[in-house]
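Here are my notes on this one, as numbered points. Have the model open while you read.

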Amino acid sequence: MIPNRQNLYVKVAVAIGGGAFLAAVLACLYFFWDARETKLKEVTNQLGQIALTVQKTASVALYVKDVELGKEIVEGLEVNDLVAGALLTADSGDWVSSSGYAADDVLQVLEFDIPHPFFAGEVLGKLKLLPNTQYIQSRATEVALKQAWMLALQSALIALLVSLLVHKTLTAPLNRLTSNFENIKPGDNNPLSVPKYHAQDEIGSLVRGINQLVANLNQSIEKERNLRQKTELLERKFRLIFERATAGICLIDKQNHVLVVNEAFERLCGTDSIDNQTSLCQWFEEEAELDRFFNELRGNLNLNHVEMELQLRSQQTEQLKWVHCLFSKVEDNVGASSEMLIEVMMYDITERTYRERMIRFEAEHDPLTQLKNRRAGERLLLEMMRKTDQTRALMGVLLIDLDKFKPVNDIYGHEAGDAVLKSVAERLMKLAGNGIVIRWGGDEFLIGISNVDKDYNKLRELAQELLIQIARPVAIRGNLSCQVGASVGIAIYPHHGHTLEALLEAADVAMYEVKDQGQGSFRFGKISSGAA
């Protein structure tokens, strides 16, 4: 509601009234002065006519010198309200005058010639009339005031009529239009109606413009409402995806602090709160490596997504979890500033990893002794040879064949033979240290040793010790035990061969030479031609 002092009708009425009042005052002043001057001129003319009516009588009186008649003429003129006094003059001077004639007001005296009654053009005297100035001005003022009041009344009536017309034709429709406009609710399709008799004027154009503006506004509101509904639907879907995702998802800032996580992340990490974690890196076994990786990822403009498998520390169990992680850079733009965030998606691959490791272990190890099998062993020996080439050191292989093993199988059964093989494998593992122990096949084992000294003393000591350890009795069942021995052939890389095949052949020849010479000993292979 608009206060009355701000109402358009009041403002228009005050403006019209003020303007009319000012115009009326100016007009009244002008018409007052004009009416007064007109009245004075009219009185002057009347005095001239009065003088003309007594001119002939005064001429006769002056010609015959009849004082009584002259006195009667001037006294008769003074009876008129317009005349304050009269005077007849002759050639000899003043002749007769009325009682009200005063010589002091000579400036206001009106003079009229008294012609000769018989000779045209000859003047016998003058008739002087003293106007009744007070009466004349009073009458003139009265007439002027009456006209001024009439004009003021007319102006007031015109102002009132104009104000009513303006209110009826302009301010009242605008007031109703304003009230209707204030009742419009955004989104409602209720157009304003054009006031009666205003369809073709500016008010009609204003209403049509407002209706068009409201229609456009409603269309914008409808579009915005639809867009907001779509946005809310997308937000629900994305929130559902984020909250119900099977993958653990989180966002980290440039200090690697965790900003937000989903339920899967909390289940994966075994925590209900991330408040106590200062950095995501602390969750992982590879903490230092992961911190360096994040710095490299943020600094590499060409690198946006990286996948890797890491070991996660869970608060629920001391056992590490294997997780497959996908790291993606996310640009967070807020106003004029932006921040590089990293999105982390984690999948629990612990079971799969252990299964793969088990499969890989079974593929590379002998199921009985748990030693590397021959295929995996050859790959490790080739890797050891490559490193030996890089360090220009020596490498040795010890090919071990058990002596008297076949009688154990024949006498005590295969279970006893398996017990012997497992016991020998355990003893070899202890003796080999950092070396590679391989079940080469049947009752044959092979040990690979790196960084061998140039005099082979390290290998000699190892060969002596493993002969002793292998020869120790092996418990096979209850108090029953058996005993085996070993024949060992030793080859040095690159002294006894430049390839793995040549190295193994040299060790194999040396081992059979030991067997041919009575078993239970070791022998080095022969240096091949061209060997270093």
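1. Where does Thr350 lie? Thr350 sits in helix α8, residues 350-364. Helices here are DSSP runs of H or I with at least four residues, strands are runs of E with at least two, and both are numbered from the N terminus.

2. Before going on, some ground rules: this is a predicted model, where local features need pLDDT of at least 70, side-chain atom pairs count only at pLDDT 80 or more, and totals for chains, interfaces and linings use all residues. Residues are numbered from 1 along each chain as its sequence is written, and side-chain values use heavy atoms, with hydrogens and water left out.

3. Back to Thr350: is this residue buried or exposed? Thr350 is buried, with a relative accessible area of 13% (buried is under 20%, exposed over 50%, partly exposed in between, using a 1.4 Å probe and protein chains only). Setting aside neighbours within four places in sequence, Thr350 is in contact with Leu320, Lys321 and Trp322; contact means heavy atoms within 4.5 Å.

4. Next, a helix pair. Helix α2 (residues 55-64) packs against helix α3 (residues 67-79) at an angle of about 150°, and their axes are 8 Å apart. The α2 helix is therefore roughly antiparallel to α3. For that label, angles over 145 degrees count as roughly antiparallel, under 35 as roughly parallel, 65 to 115 as roughly perpendicular and the rest as oblique. The axes are lines fitted to C-alpha atoms, for helices over the stretch in contact, with angles from 0 to 180 degrees between N-to-C directions.

5. Who makes that contact? On α2 the residues are Thr57, Ala58 and Ala61, and on α3 they are Leu69, Gly70 and Ile73. They divide into four nonpolar, two polar and no charged (Ala, Val, Leu, Ile, Met, Phe, Trp, Tyr, Cys and Pro count as nonpolar, Asp, Glu, Lys and Arg as charged, and the others, Gly among them, as polar).

6. Two backbone spots to check for positive phi. Lys65, in the loop between α2 and α3, has phi near 60° without being a glycine, and at 52% relative accessibility Lys65 counts as exposed. Asn256 is not a glycine either, yet has a positive phi of about 65°; Asn256 lies in the loop between β5 (248-252) and β6 (258-261) and is buried at 3% relative accessible area.

7. One more for the backbone list: the peptide bond from Tyr493 to Pro494 is cis, with omega near 10°. Pro494 is in the loop between β15 (485-493) and α13 (500-516).
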